[in-house]
Amino acid sequence: MRALGLREADEIRARIPDILRKIGGYNIETIRPEGHNMSHLLVGSEGTLGWFQRIQLDLQPIPPHKALGVCHFPTFRKAMEATQHIVKLGPTAVELVDRTMIDLARDIPAFRETVDKFVVGEPEALLLVEFAGEDKAEQLRGLASLVEMMGDLGFPGAVVEAADPKFQSEIWEIRKQGLNIMMSMKGDGKPVSFIEDCAVPLEDLADYTERLTDIFTKYGTKGTWYAHASVGTLHVRPILNMKTEEGAKNMRAIAEEAFAMVREYKGCHSGEHGDGIVRSEFHEPMYGSRIVRAFEEVKDSFDPEGMMNPGKIVRAPKMDDRSLFRFKPGYAIQPLETALDWSEWGGISGAVEMCNNNGACRKADPGVMCSSFRATGEEKDVTRGRANSLRLALSGQLGPDALLSDEMYQTMDLCVGCKGCKRECPTGVDMAKMKIEFLHHYRKKHGLRLKDRLVAFLPRYAGLASKLAPLLNLRDRIPGLPFLTEKLLGLSARRSLPQWRRDAFRAPGLSTGPADGTAVVLFVDSFNRYFDVENARAAVAVLTAAGYRVHFATPPEDRPLCCGRTFLAAGLVDEAKAESRRMLDTLKPYIEAGVPVLGLEPSCLFTLRDEFRSMHPGAESDALAEHAMLLEEFLAAEAKAGRLKLDLKPIAASKALLHGHCHQKAFAAMPAVQQVLKLVPGLNVETIESSCCGMAGAFGYEAEHYEVSMKMAEASLLPAVRKADANAILVADGTSCRHQIHDGAAREAVHVVRVLEMALATE
């Protein structure tokens, strides 16, 4: 090396502080005259020197025993001061969680319950301190020493102890999702990554973070903080609006002042994740021109044509070059008069931009999100792909007519509205709601197909159709008719259709049950009124047997109430608003009296808790959302409070195999189903770990979706059903779920309320 002779390697090694080694730039201190391991030079080179065909990993066993202490601090500085003392106990990890992360995690349904379990009061900062090793007793002693030290530091009783592995795992999941939790912040201002890798000695950590906070204040912002307190590498991200020139200007100013301060503390500006574009530009003031020239010589020796990840580590562009940003100069959202309320995000663009490409929607474990992607493996069919497409279309980057194009329709088509992303996406991307908004505008331009119209308007003609049930049900009984309906309507000939009932559910008056019983309102949706009639009747039987006075909210006109779900699925938001308005008006006196509104069909009931708020934002819909619950949620809550008086006996089946509706999972209602089933004496409950059943309302009935629908079902649901003992009772609260099980596995599933009805004690 001409710029830096090999003889000077020892001198360089002596000059570079330990905190800088093997972090920034290239690992030139590993080069020795007597020879060296070339892999050490390639490690951390960020793809700029070569690529690997094979890598040998040195795997280490995971310690079998762990103990975790969650240390609470009243101020951020106190947490930073305590870190240098806590590390002397020899913990395996000391990780920071700041107040911003706590508050944001509480707003994310998937994390709220866990946060409430391990956060006591309103601390400004937490330190997660873990001890791990072979000896369980030793780790518990470490935890005890932590509690004692916190007391000595002036924080007695400030440690939440977690010895249970499951509890530990739940806490660490919050920390693991730290970046995504921070990025769930709504609005144009987001935590921006460019100084998050700075590392300073622990004895300087408190002063460094306090001074950095002062810098943020100087530029009119604040920072978010989390991660590796034990090694002085905090992931700090100033909140900036990177859509504006001012945001880029402030980013550079903060970077320059922060890096100067890091040099003052003899720290490092690239403490963990590498240099990339944001930090490579600052190597020269950090290391000096001589070392940077040596970096360039290493790069040129390996990659003389500059093809390997150019612009990183050496010869980097300006870190504030807006042409490299996600939001390039001139970025603007095209005007769009939305049908739903997006004010929570500052507009639909803010909601779409919540996707930060973290890829949680591409997971393969048997949860909810994202079922269509698991079936196709295509990026366009995952939440991230749809969100990026919408963002590019809304900002005009795909052309002036992209938003309402057939290509965009194909991108949105396989979203089944499961709402898994609403719960499971760490930043809360609600693609189901975005699809409704998209379809609203798409239908206004392109109109509806006959098939879409038949499904959407079902609640309006269902009363008449039920009277013609024998005629309409011939479709599945006369050969050739399924083929004809596929050709004419697009409904798959390989599907049976729901059977209309002439004996549709009719309320036995305005109310029924004990006159002095606690009042509840039973909302019987169109599906349980005209198809699965037994569920509605069972609900009345169970509630009255438990002593409740069941009211049937009746609108002034004869047509029963409807949540508008079928209209929303077709993008007919105006029609859905009309239906939801009827429901709000009819239920108003019950809501004002504090009467719970109970539903049977998850997709319908959760429309009251979710989409109603987007169609009619305000106190009225908020109040309904607070009172609306699935029947099983109500019964589980009553049982927990000791108010449920339901005399149940064992049933013929000793095991219940439970499949959860996507919306039950998305709104955390599955525990209630399990708890209610366990009220039946001797009934063992096993839950199928599955994603969407694949039917998803009308989706699986459509010929164009049949194959992907069955692929979703075959991922886990149908194999589990086929393996189930013939004597086991199959439970599925969703009408579509039950139909998929019937068609795909030739087994009959029942609603949970039917199980309770079977178990009712009779004299």
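K266 counts as exposed in this predicted model, because its relative accessibility is 61% and the cut-off for exposed is over 50%. The residue lies in the loop between helices α10 (245-264) and α11 (276-280). A696 is partly exposed, with a relative accessible area of 22%.

An open sheet of seven strands was then examined. Its order is β4-β1-β3-β2-β6-β7-β5, and the pairing is antiparallel. The edges are held by β4 (159-162) and β5 (190-191). Each has a single partner strand, so one side of each is left without a neighbour in the sheet. Helix α7 (residues 165-176) packs on the sheet. The helix touches β1 (65-73), β2, β3, β4 and β6 (223-228). Its direction makes about 55 degrees with that of β1.

Strands of a sheet pair through backbone hydrogen bonds, either parallel or antiparallel. In this sheet, strand β2 (residues 93-98) runs antiparallel to strand β3 (residues 125-133), and six bridges join the two. V94 has V129 of β3 as its bridge partner. β2 also pairs with β6, in the antiparallel sense, over three bridges. There, V97 stands opposite Y226 in β6.

β6 continues the sheet towards β7 (residues 233-240). These two strands run antiparallel and are joined by six bridges. H228 stands opposite T233 in β7. The hairpin of β6 and β7 has four residues between the strands. In this hairpin, G232 takes a positive phi near 70 degrees. What encloses β6? Six of the six residues of β6 are buried, so the strand is largely enclosed by the rest of the structure.

A nonpolar patch lies on the surface. F52, I55, L57 and L59 form this patch, with about 500 Å² of accessible area together. L59 lies in the loop between α2 (38-42) and β1. L59 is exposed because its relative accessible area is 70%, against a cut-off of over 50%.

A462 is found in helix α21 (residues 458-467). A462 is buried, with a relative accessible area of 0%. The residue touches W500 and Y530, not counting residues up to four places away in sequence. A462 and V524 are 62 residues apart in sequence, and their C-alpha atoms are 13 Å apart in space. In helix α34 (residues 706-715), the buried residues are Y706, V708, S709, M710, M712 and A713. They pack against α15 (371-376), α35 (717-723) and α36 (735-745).

Charged pairs were considered last. Side chains of opposite charge can pair when their charged atoms come close. The structure holds 60 salt bridges. One of the pairs is K422 with D430, at 3.7 Å from N to O. K422 counts as partly exposed at 26% relative accessibility, whereas D430 counts as buried at 3%. R475 forms a salt bridge with D476, and the closest N and O atoms are 2.6 Å apart. Here R475 is buried, with a relative accessible area of 7%. D476 counts as partly exposed, at 30% relative accessibility.

R565 forms a salt bridge with E611, with 3.3 Å between the closest N and O atoms. This pair links distant parts of the chain. R565 is in helix α26 (residues 565-569), E611 is in helix α29 (residues 611-615), and the two are 46 residues apart. Are R565 and E611 buried or exposed? R565 counts as buried at 15% relative accessibility. E611 counts as buried at 3%. Salt bridges also link R99, D103, R106, D116, E122 and E124 in a network.

Notes
Residues are numbered from 1 along each chain as its sequence is written. This is a predicted model: local features need pLDDT of at least 70, side-chain atom pairs count only at pLDDT 80 or more; totals for chains, interfaces and linings use all residues. Side-chain values use heavy atoms; hydrogens and water are left out. Two strands pair if DSSP finds at least two bridges between them. Contact means heavy atoms within 4.5 Å. Axes are lines fitted to C-alpha atoms, for helices over the stretch in contact, and angles run from 0 to 180 degrees between N-to-C directions. Patches are made of residues with over 30% relative accessible area and no salt bridge: like charges are joined within 9 Å, nonpolar side chains (Val, Leu, Ile, Met, Phe, Trp, Tyr) within 5 Å. Accessible areas come from the Shrake-Rupley method with a 1.4 Å probe; for residues, only the protein chains shown count as cover. A salt bridge is a side-chain nitrogen of Lys or Arg within 4 Å of a carboxyl oxygen of Asp or Glu. Buried means under 20% relative accessible area, exposed over 50%, partly exposed in between (1.4 Å probe, protein chains only).
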